[in-house]
Amino acid sequence: MPELNQVSWQQLDASHHLHPFTDSRALQQKGARVIERGEGVYLWDSQGQRILDGMAGLWCVNLGYGRQELIEAAHQQLQQLPYYNLFFQTTHPPAARLAATLAGILPGNMQHVFFTGSGSECNDTVVRMVRHFWAQQGQPKRQVIISRKNAYHGSTLAGASLGGMKPMHAQGGLPLPDMVHIDQPYYFAEGQGMTPHEFGLERAGQLEQKILELGPERIAAFIGEPIQGAGGVIIPPASYWPEIQRICKKYDILLVVDEVICGFGRTGHWFASEYYGLEPDLLCMAKGITSGYIPLGAVAVGERVAHTLIAGGEFFHGYTYSGHPVACAVAQANIEVMQQEHIIERVHDDIGPYLQQRWASLASHPLVGETRGLGLVAALELVADKATQARYSESAGAGMICREHSLEMGLVMRAVGDTMIISPPLVITHQQVDELIDKARQTLDLTL
Ligand code: PLP
């Protein structure tokens, strides 16, 4: 194929490529932004514009672009053994080593992992695992999984059903049976008239109400993201998670924590479960496990569930690319670099607090109703009227306008409705945080 320029990439793309989560009609009119290269926290598009990647790709490029250790690990593993499967009584060194490494950093007493290829596959695995677990326990009626409205757990049928995104349910006739949703702990949007403490208890209390309404003997599990990412970086009040955990224990319901975004240092801990004092029965991870360099996911399993699964004989579930050796080798290198460079401590003690302090300075901007964040993930709410905190009407599209301006300024910020989000690589420097904040402020000025 001859050397292609930006226009020809866009033409090829528009002619042949259906994108995920994209309005194809709008894309056809405008042409896709072509990203050609990445280094550290920066991307370069085909017009040569340098863009600070404030989202670490899709919340995943935690060590930044161009890390030689990860590239070298992939290269070596490709030469040694590019593929073999883990089915039928077989393993390979990268999978065995990574499983043991993960057991060393997981919260509580989680000693086993089941590898998948993605976060969505983790959640499909969870559905089958928890139902299989209860069947093994002699309680096959425990089928129902309770989740939250506006949660995101992936795009497969089970992932999208566990998720609580209405537009996703509308396309494809979801949710699947026995997947029900309670309200989310979104204080800024839904907590009027209550203190954060009261609101956290009220929203967690909905879990108990739902359990009693459906009958505890029918409930298999509750699933939640410690901090809802794609829903808008929704950080629950401190009262929320302890109450959820108490209710799960009271009714003997499995607690599943989806750490696909929160895991691998995003909150200043290996897993946000540590921050919230959670002892989940199952924990999903993906994205940051390889810094996004190659697809991999894993479901960590606590001892109670693991013992039952092991005793239950064959689990008829798995993916060709479960624990792909190249992905496992990259994940191993990723974790080792994080350990050698004390990335978790850095996010917890230094760059996380610095980002949060600088991000909070945006709260005084006339367009901003609230800023919030933890570690290296943060959000701000755009409001139409700062005095009354009145929000824009849905048709105003303020978030999308803001997002477009941020790209013009050379910054990737994500818009979820009128919530603007950042989740930069964990290796971002103080100077780059300053650049991010300056660009975010200029973006808000342009959006006014
Ligand atoms: N779970 C959560 C919390 C996520 O944020 C995502 C993706 O953003 C997923 C699951 C799905 O992961 P994947 O896109 O790798 O299938």
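Colleague: By class, how many nonpolar, polar and charged residues has the shell around the ligand?

Modeller: The model is a predicted one. Helix α6 (residues 119–136) contributes the largest share of the shell around the ligand, 3 residues. Sorted by class, the shell has 6 nonpolar, 7 polar and 2 charged residues.

Colleague: Which residues come nearest to the ligand?

Modeller: There are 15 residues around the ligand. Those that come nearest are Ser118, Gly119, Ser120, Gly154 and Val260.

Colleague: Is α15 roughly parallel or roughly antiparallel to α17?

Modeller: Helix α15 (residues 343–360) and helix α17 (residues 430–447) have axes that come within 10 Å and cross at roughly 20 degrees. Angles under 35 degrees count as roughly parallel. Therefore α15 is, relative to α17, roughly parallel.

Colleague: Is the crossing of α5 and α14 left-handed or right-handed?

Modeller: The axes of helix α5 (residues 93–105) and helix α14 (residues 325–340) come within 8 Å and cross at roughly 35 degrees. The crossing of α5 and α14 is left-handed.

Colleague: Which residues of α14 make the contact with α5?

Modeller: From α5, the contact involves Pro94, Ala95, Arg97, Leu98 and Thr101. By class, the contact of α5 with α14 has 8 nonpolar, 2 polar and 1 charged residues. The residues of α14 are Pro325, Cys328, Ala329, Ala331, Gln332 and Ile335.

Note on methods. Residues are numbered from 1 along each chain as its sequence is written. This is a predicted model: local features need pLDDT of at least 70, side-chain atom pairs count only at pLDDT 80 or more; totals for chains, interfaces and linings use all residues. Axes are lines fitted to C-alpha atoms, for helices over the stretch in contact, and angles run from 0 to 180 degrees between N-to-C directions. Helices (H or I, at least four residues) and strands (E, at least two) are DSSP runs, numbered from the N terminus. Angles under 35 degrees count as roughly parallel, over 145 as roughly antiparallel, 65 to 115 as roughly perpendicular and the rest as oblique. A crossing is left-handed if the near helix is turned anticlockwise from the far one by less than a right angle, and right-handed if clockwise. Two residues are in contact if their C-beta atoms, placed from the backbone, lie within 7 Å. Ala, Val, Leu, Ile, Met, Phe, Trp, Tyr, Cys and Pro count as nonpolar, Asp, Glu, Lys and Arg as charged, and the others, Gly among them, as polar. A residue is near a molecule or strand if its C-beta atom, placed from the backbone, lies within 6 Å of it.
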